[in-house]
Amino acid sequence: MKLLLSIAVTLLRAKLRQSIVAAVGVMFSITMFVALLGFMNGLNDLLDGLILNRTAHIRLYNELQATPRQPIAVEQDGQRVAGTPPAHHFVRSVKPKDDLPRLRNGEAIMRAMERDPRVLAVSPRLVAQVFFNVGTVDLNGQVSGIDVAQEIRHYRFGDHLTRGDPQDLATGSNTVVLGKGLADMMAADLGETVQVTTATGDRAMLRVVGIFQSGIAEYDKVQCYANIRTVQKLLARPAGYYTDINLKLHDLASAPAMARELAARFKVDAVDIQTANAQFETGTTVRTIISYAVGVVLLIVAGFGIYNILNMMIYEKLDTIAILKATGFNGADVRRIFLSLSMIIGLVGGLAGLVAGLVLQVLIDHLPFNTAALPTITTFPVDHSPRYFIIAVSFALLTTWVAGWFPARKASRVDPVEIIRGK
Amino acid sequence: MSTARDILAVEKVNKSFHDPVTVQVLKDVAFSVARGEFVSITGKSGCGKSTLLYILSTMDTDYQGDVVIDDERTHGLDGERLAAIRNEKIGFVFQFHYLLPEFSVLRNVMLPGLKLGRKDAAEVEADAMERLRELDMADQALKMANQLSGGQKQRVAIARALINDPLIIMGDEPTGNLDKRNADTVFGIFQRIAAEHRRSLLIVTHDPDFAARTDRNIVMDDGRIVG
């Protein structure tokens, strides 16, 4: 095999220019493959992160809805006389009683979840609909009371703050962080106070300690955050009054099963991240498929390049093949020579492509990228994961092997007598 | 008719070309070559002498009859075994197709030896240099093959044919493309190989002088041996 390899190298060096052209073709496609997929996936991660990073893996809440089993039906079942047919009742649409979708036994659920080994973090929320009073105008808004320390650690709360310090929200009372859209509409700046009215008509003054920008403009026009204690006070509710409990799990994939389990155990509604964000998964999948398709097409085109050049080389080297065969090299030897020739081109081009791809990735990574929607991003996102490098180089080797195999087989079948007598 | 001292025995070889019409080019060809014998084959153009040579060299397998090389019947052997026989037992010298232009003279001579793998690279190289020295080509060893003149190329081709100490050297008009002086040199080399190395030679030629000076001349006409 060493001998065959040295013959292949000698043949390559004799056709250095063509070989370099073929290798550059492979290099180019690998470069593009690595850069394209790294960039695409970086973008995917960024867009998904917009939603997924600050989304709980499981959200426990209590949806207000009319009970499917109306009280009259319960009553009737209880008093049914044996032997009589079930009667039809016409009373329907009994409305829910409580005006706030509070989570019953919120504190007990919290404690249970904190002990659960599958759970990474538990954070309560209290979401309240409010009006912001700006002069005579009332702006619709939603205040989320949060456990600030937990949100900073597990939901990257600080990442979205364009101004102000999230710690101020944790320590101060009656403080609020406004969405950028909302702050603009109210012309509210840091340190100023805004007046809010709750659904029950209570009023309170909140001091603005930060402005956040989530990347989704509609959201920023209504959303604001406050310490959970502040919101509980605002609504005149005791500590332990929550509307949501958010869970981060150690294993994201187990979220759907666990959500079902918790819903049954605590008799609450539970939604998992996969169900809540199915559309993002779809978007990510489609983008990934497209980038792989483009990358693979590039590699196949490079493969055709190698195929062509090898075919040409074999026509030019018919004499050499005939002599090799006449002097005792068999068909398999000749095939191996041309196959290794192709593989050398693939390997050299592939490795050069990996290096060039990395350089291109770094370049893209340093291109400025400023968008109002993404305040913390200053350059294009690139995923430098080694996965793409491994895929690219294995695919390059596979393509060059296939592209080399057909010409190599043709070379192995050259009849030396025909060539030698043909002269 | 094959005896222990015969290197090559040809038994009733028949061959036809079928394109465009069937023409029988070899008709019941049979002969044998003994060890150390210098045999030439002559005949008119198209009498089938080259065709016969390619059958004997095991490169052409499309024929009836059998060819026995060193007591091994070759008809029906697979390509790999035939290649091994060519590599080990047959040295070949062509009229036109001399050398691999991408390789140096030394490397050209070494290749069949490296393929055989009986000796390591250093020994094969020493052997190759020895062969080149015998043929007065040692000083050209590191030149590329395409930098040599025709006569020099043919001498290198002979050195290559000898590298594995083959039992028989076959040549298809090896002097056909050379001037008188070079042709004489090549003939001298062949004679020495037969006499000193006790190798058999089977050379197809159209040069009557060449044929007359060999141990035995086989004359072919219209696919048959006539003398």
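## A sheet in chain B

Two strands pair if DSSP finds at least two bridges between them. In this predicted model, strand β4 (residues 64-69) of chain B meets that mark: β4(B) and β5(B) pair in the antiparallel sense over two bridges. Within chain B, B:Ile69 stands opposite B:Glu72 in β5(B).

The pair belongs to an open sheet of four strands. The strand order is β2-β1-β4-β5 (chain B), and the pairing is antiparallel. Which strands are the edge strands? They are β2 (23-34) and β5 (72-73) of chain B. Each of these pairs on one side only. Strands of a sheet pair through backbone hydrogen bonds, either parallel or antiparallel.

## Chain B as a whole

Chain B has seven helices and ten strands. Its radius of gyration is 17 Å, close to the 17 Å that the globule rule gives for 227 residues, so chain B is as compact as a globular protein of that length. Along its principal axes, the C-alpha trace of chain B spans about 50 × 40 × 35 Å.

How much of chain B is buried? Of its 227 residues, 48% count as buried. Now take the contacts in chain B between residues at least 6 apart in sequence: 71% of them join residues at least 24 apart.

## Nonpolar cores

The largest nonpolar core has 122 residues. Which residues have the most contacts inside it? They are A:Ala392 and B:Leu202. Helix α2 (residues 16-52) of chain A gives the most to this core, with 13 residues.

Leaving aside its neighbours within four places in sequence, A:Ala392 is in contact with A:Ile30, A:Phe33, A:Val34, A:Gly353 and A:Leu354.

## Where the chains touch

The contact takes 21 residues from chain A and 22 residues from chain B. On the side of chain A that touches chain B, four helices each supply at least two residues: α1 (2-14), α13 (318-326), α14 (331-366) and α16 (416-422). Which helix gives the largest share? It is α13(A), with six residues. By class, this side of chain A has eleven nonpolar, six polar and four charged residues.

## Confidence

The mean pLDDT of chain B is 88. In that chain, 98% of residues reach 70 or more. For the complex, the predictor gives an ipTM of 0.89 and a pTM of 0.72.

Technical notes
Residues are numbered from 1 along each chain as its sequence is written. Chains are lettered from A and ligands numbered from 1 in the order in which they are written. This is a predicted model: local features need pLDDT of at least 70, side-chain atom pairs count only at pLDDT 80 or more; totals for chains, interfaces and linings use all residues. Two residues are in contact if their C-beta atoms, placed from the backbone, lie within 7 Å. Ala, Val, Leu, Ile, Met, Phe, Trp, Tyr, Cys and Pro count as nonpolar, Asp, Glu, Lys and Arg as charged, and the others, Gly among them, as polar. A nonpolar core is a set of buried Ala, Val, Leu, Ile, Met, Phe, Trp, Tyr and Cys residues joined through C-beta atoms within 7 Å. A residue is buried if 20 or more other C-beta atoms lie within 10 Å of its own, exposed if 12 or fewer, and partly exposed in between; C-beta atoms are placed from the backbone. pLDDT is the predictor's confidence in each residue, from 0 to 100. The radius of gyration is taken over C-alpha atoms; the globule rule is 2.2 Å times the number of residues to the power 0.38.
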